[in-house]
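Me: Could we go through this structure together? I would like to begin with the ligand and its surroundings.

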Amino acid sequence: MSMFKDMLRSGESLFRDTIFLGYDFQPKILYGRENEQQRFAVAIRPLLQGHNGRNLFVYGAPGIGKTTACKHVLRELEEESDEVLSIYVNCWKENTTYKVFSKICQDLGYKFIQHKKTSELFGLIKDKLNKGSVVFIFDEIDKLEDTDFLYTILEDIYRKSIFLITNYRDSYSEMDERIRSRLNPEFLFFRPYNQAEISGILKQRRDYAFVPGVWEEESFNELVEKCVETKDVRIGLYLMKEAGSAAEDKSSRKIGLAQVAQAVKNVDDFHIKPKEALEEDLLFVLEIVKNNTGKKVGDLYNAFTEQGGEMSYKSFHRRITKLSEGKYISTKKVSGTAGNTTIVSYSSVKKLTDF
Ligand SMILES: Nc1ncnc2c1ncn2[C@@H]1O[C@H](COP(=O)(O)OP(=O)(O)O)[C@@H](O)[C@H]1O
Ligand SMILES: [Mg+2]
């Protein structure tokens with residue numbers, strides 16, 4: 001049988017280790033986030049001196065290193081101090097007060113907590129954490145179903161810094177006034193990476209993850225270009241993995257332009273998120289955009305109210321921004337005789353294959 005003749009011999013993969021292409025992999029060197037890391041460190045510093053820490057509201061587009069930069073600082077903190085604990089919670093997974101508290105209890109080493117009530121869980125947390133200082137990181141807070149735990153922590157844990165991380169700046173104004181006034185955070189905006197930074201980040205990952213020399217320079221540059229268009233590093237990692245697999249599938253020893261093109265085609269399904277993830281009011285707004293694609297945002301709002309939609313123009317505009325940030329729709333600012341306006345289109349622009 002010659003069927004396997006051309007295939008790479010077993011053990012001869014193009015990949016050294018795909019673990020380096022995982023989204024959760026923590027690289028040793030972070031590019032271009034010195035200022036942001038400094039802001040995290042400054043917020044934590046009072047805790048090291050026995051005072052109360054500062055709170056941060058961290059926001060910026062998906063896939064630009066918010067989580068990674070924050071975890072990086074925590075790791076350094078762990079190395080330097082035994083006195084300040086850090087607690088990381090991904091609120092996409094733990095999206096209620098009960099779940100957040102049980103996750104924190106687990107992380108603090110409590111066992112047999114299944115049958116405890118929310119208030120009992122918090123009792124345990126308080127006992128332990130009020131002996132020292134603590135940094136809380138609540139990541140992806142826009143996915144939370146309730147935020148009571150924040151209020152409780154703000155009130156009853158004494159020496160702490162709270163970092164809230166989200167892709168949406170609006171998550172802040174949507175938060176309870178009681179929480180906002182107590183939190184009183186500084187705002188830390190993560191700007192998107194530029195081409196050189198994205199290229200540097202992806203090169204580092206490429207060199208970890210692949211056998212040296214398997215990437216043709218042209219193909220790699222093409223991949224970087226595609227990633228720069230989306231500004232999302234995660235897309236670049238995904239493309240590298242897909243292109244590598246595509247090359248292996250055809251027993252190629254090099255990753256060429258054709259494999260990058262194939263990977264780009266696959267990425268669309270991954271990139272355009274399933275609509276089930278949207279809340280009802282967002283779905284309604286999305287439906288309006290779908291039926292009126294290419295129209296001005298003001299006209300969309302009129303269509304929205306005509307069809308029974310109830311929210312202020314400002315809230316409606318926020319939904320549009322949110323859908324656009326999530327890449328469900330695209331927006332384009334245009335200036336006309338009557339001033340500036342925004343044209344809204346259903347999907348399209350962000351499809352990588354359309355670039
Ligand atoms: N400055 C950087 N240096 C190295 N890798 C980075 C950097 N910024 C982001 N990454 C990588 O990009 C991916 C997405 O970053 P992440 O922190 O998860 O983004 P966000 O939290 O902003 O959505 C991760 O795999 C991360 O390792
Ligand atoms: Mg993140």
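Me: Which domains supply the shell around ligand 1?
Reply: In this predicted model, domain 1 (34–189) and domain 2 (193–271) each give at least three residues to that shell. The domain bounds come from an automatic or database domain assignment.

Me: How many residues surround ligand 1, and which are the closest?
Reply: The shell holds 18 residues, and the closest are Gly 65, Lys 66, Thr 67, Thr 68 and Val 233. A residue is near a molecule or strand if its C-beta atom, placed from the backbone, lies within 6 Å of it. Helices (H or I, at least four residues) and strands (E, at least two) are DSSP runs, numbered from the N terminus.

Me: What is the make-up of that shell by class?
Reply: It has 10 nonpolar, five polar and three charged residues. Ala, Val, Leu, Ile, Met, Phe, Trp, Tyr, Cys and Pro count as nonpolar, Asp, Glu, Lys and Arg as charged, and the others, Gly among them, as polar.

Me: Turning to the sheets, what is the strand order in the one with five strands?
Reply: That open sheet runs β2-β3-β4-β1-β5 with parallel pairing; two strands pair if DSSP finds at least two bridges between them. Because β2 (84–90) and β5 (186–189) each have a single partner strand, they stand at the edges with one side lacking a neighbour in the sheet. Strand β1 (residues 56–59) is joined to β4 (residues 160–166) by four bridges, and Phe 57 stands opposite Leu 164 in β4.

Me: And the sheet of three strands, what is its order?
Reply: The order is β6-β8-β7, an open sheet with antiparallel pairing. Eight bridges join β7 to β8 (residues 339–346), and Val 334 has Thr 341 in β8 as its bridge partner.

Me: How confident is the prediction, as mean pLDDT of the chain?
Reply: The mean pLDDT, the predictor's confidence in each residue from 0 to 100, is 89, and 91% of residues reach 70 or more. Over residues 348–355, however, the pLDDT is below 50.

Me: What numbering and thresholds apply here?
Reply: Residues are numbered from 1 along each chain as its sequence is written, with chains lettered from A and ligands numbered from 1 in the order in which they are written. For this predicted model, local features need pLDDT of at least 70 and side-chain atom pairs count only at pLDDT 80 or more, while totals for chains, interfaces and linings use all residues.

Definitions and conventions. Two residues are in contact if their C-beta atoms, placed from the backbone, lie within 7 Å.
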